[in-house]
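Please load the model in the viewer and keep the selection panel at hand.

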Amino acid sequence: MRKVNYYIVRHGEILLNKLGKAQGWVDSPLTDAGIETAQRLKEKLEGISFASVYSSDLQRAYQTAKIISKETNNIQIDPRLREWCLGSLEAEPTPIFLNKILPELNDISSEDLNLHLPEVCNAIHQIDTTGMTETFDEIACRLKECLEDIGYQALNTGGGNVLIVTHAFIIKTIVHLFDYDKLKSISKIANTSVTKICFNGEQFALEYSNMAY
């Protein structure tokens, strides 16, 4: 049976990562360390032939995809792979970001946030004053639709491997959707880590997540 293997990469380190600030749609270029780790990942993935390459439309993801991909002219940009929008919480220092959302989460501890992604996302949506954020269901819907479209397109040409460069909350959402229990072993999605899922035309299966190369 034909199938599609998705190699889903978190972008390289950016300045806001280095400064310990929350980032969603706010963007900045890769740091020197981010460029270096993306180049190392490219070397590690040299033996894998990618039928197609997709990137979020945010600069940090596209810049990472350009480094990793052998065919930079063939990167397909899809805004459905964009990170969660944090609205009025964008670029807040992480401790302040947490202090603002935790009171909305009914005694959920900061250590357990990954296990309660819908509640976290909806708390951000409630706190936001910009009107730009999405609910968890809205994000899950656009993300699943995107992955299915990519998968069907690949299957129509024989299946194979697909490279996707996206963001931490999006990758956590993918794990939540396709193998929730694996969230228990994830604290943070590392920059340039790889999460692999497979699609057979009917269902998705998570093979591994947050693997550092």
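This is a predicted model: local features need pLDDT of at least 70, side-chain atom pairs count only at pLDDT 80 or more; totals for chains, interfaces and linings use all residues.

How many nonpolar, polar and charged residues does the lining of the largest pocket have? The lining has 15 nonpolar, eight polar and nine charged residues.

**The largest pocket**

The space in the largest pocket amounts to about 750 Å³. Select Thr94, Phe169, Lys172, Ser187 and Lys188, which are the closest to the pocket's centre among the 32 residues that line it. Then display the helices H1 (15–18), H4 (94–101), H5 (117–127) and H7 (168–178), the elements that each give two or more residues to the lining. Of these, H4 gives the most, with four residues.

Keep H4 and H5 on screen. Their axes lie 10 Å apart, and the two helices pack at an angle of about 90°. H4 is therefore roughly perpendicular to H5, since angles of 65 to 115 degrees count as such. To see the contact, select Phe97, Lys100 and Ile101 on the H4 side, and Val120, Ala123, Ile124 and Ile127 on the H5 side. By class, this contact has six nonpolar residues, one charged residue and no polar ones.

**H7 and its partner H6**

On H6, select Phe136, Ile139, Ala140, Arg142, Leu143, Lys144 and Leu147; on H7, select Ile170, Thr173, Ile174, His176, Leu177 and Phe178, which they meet. The residues of the contact of H6 with H7 divide into nine nonpolar, two polar and two charged.

**H2 against H3**

Viewed for its handedness, the crossing of H2 and H3 is right-handed. H2 makes the contact through Ile35, Ala38, Gln39, Leu41 and Lys42, and H3 through Gln63, Thr64, Ile67 and Ile68. Coloured by class, the contact of H2 with H3 shows five nonpolar, three polar and one charged residues.

Technical notes:
Residues are numbered from 1 along each chain as its sequence is written. Side-chain values use heavy atoms; hydrogens and water are left out. A crossing is left-handed if the near helix is turned anticlockwise from the far one by less than a right angle, and right-handed if clockwise. Contact means heavy atoms within 4.5 Å. Ala, Val, Leu, Ile, Met, Phe, Trp, Tyr, Cys and Pro count as nonpolar, Asp, Glu, Lys and Arg as charged, and the others, Gly among them, as polar. On a 1 Å grid over the protein atoms alone, a cavity is a set of points where a 1.4 Å probe fits but cannot get out, and a pocket is an open set with protein on both sides within 12 Å along at least five of seven lines; lining residues have an atom within 4 Å of a point. Grid points are joined across faces, edges and corners, and a volume is the space filled by probe spheres set on the points. Axes are lines fitted to C-alpha atoms, for helices over the stretch in contact, and angles run from 0 to 180 degrees between N-to-C directions. Angles under 35 degrees count as roughly parallel, over 145 as roughly antiparallel, 65 to 115 as roughly perpendicular and the rest as oblique.
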